Amino acid sequence: MVIGHGFDFIRFHVYSDPCQLVIPYRICVPFRIIPMSPTSATILSPCTMVIERCWSTYRYRTYEKSSATLGISLIIFQWTTTLLLNSAILFDVDWDGPVTYCAIASINTTQRTGLTMALFIVIEVIAFSCFYGLLLYNKRRKTQLITATLTEKYQIDENIRAIKLMIPMILTHTVCFLPPLCLFAVYLIDSKPSNPLTVPTFEELTNWTPIYCASLPLVLFWRHRALRINLLSILTRNSVRPLNSVTSHRETEQQLHFTALNNSWASALELNHAQRNAIATS
């Protein structure tokens, strides 16, 4: 994204003749494919996560013994699908056609781009629904596992815990990608813009990827208690304190231990002294 916008920024600020803004489409494509491919792969990420959770739910008896083959296969599937979709959009495109703004959507690719956006919408809705369905299914299965082994019960609990942690991520993903995808798909399918400025303007307005990149770490920090504890420990460790209060954790434990030991010995001595006095007076 930075590469594509940087390329346009340089072109729009160094030209001396407006005709210099018109460049062949084949020069623009690399500057848009590079940022668009990771974005498309990010949109497909809920699909791969749903497949992984479905497999863990189906193979809950032996899932903990599984290897990394499934994860590697899903990554290959995710990027292969992304490359195939981008290739389908750019099929029989006019590589020598003049353009002023570097975008995947052009006069020849508008409909295919809109259909790709529609496919992303379907994937987004199905993935979001599947996560809630898997959560309910695992909760119901947990109530039915009476004579199951500890391994099976652990895997069901792990499925529920993992899905609960992933649902806020999927919700953030859906909120940041689904509305722009719907708007952009309807815009490209129902209308054929004649003004070349309308497509890039609408494309930039419906690009909420920066919002997603900023909100996802906040959601992860909010949902994962371990991240908050680690950050608090780092801030506490690096904070500046007075010299007389700086003691190591081991020294503090030793002081507490010897204080408690001293108190116990003192109590024992006082009890022994009281018993002796009682014997002497009797």
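Q: Which residues have the most contacts inside the largest nonpolar core?
A: They are Ile43, Met117, Phe120, Ile121, Phe177, Leu181 and Tyr212, in a core of 15 residues. A nonpolar core is a set of buried Ala, Val, Leu, Ile, Met, Phe, Trp, Tyr and Cys residues joined through side-chain atoms within 4.5 Å; buried means under 20% relative accessible area, exposed over 50%, and partly exposed in between (1.4 Å probe, protein chains only). This is a predicted model, in which local features need pLDDT of at least 70 and side-chain atom pairs count only at pLDDT 80 or more, while totals for chains, interfaces and linings use all residues. Residues are numbered from 1 along each chain as its sequence is written, and side-chain values use heavy atoms, without hydrogens or water.

Q: Which elements give two or more residues to this core?
A: Those are α2 (25-58), α4 (110-144), α5 and α7 (209-223). Helices are DSSP runs (H or I, at least four residues), numbered from the N terminus. The largest share of the core, 6 residues, comes from α5.

Q: What does methionine 117 touch, not counting residues up to four places away in sequence?
A: Methionine 117 is in contact with Leu181, Phe184 and Ala185 on that basis, where contact means heavy atoms within 4.5 Å.

Q: Turning to threonine 174, is it buried or exposed?
A: Threonine 174 counts as buried because its relative accessibility is 11%. This residue is placed in helix α5, residues 150-190.

Q: Which residues is threonine 174 in contact with, leaving aside its neighbours within four places in sequence?
A: Threonine 174 contacts Glu124, Phe128 and Pro179.
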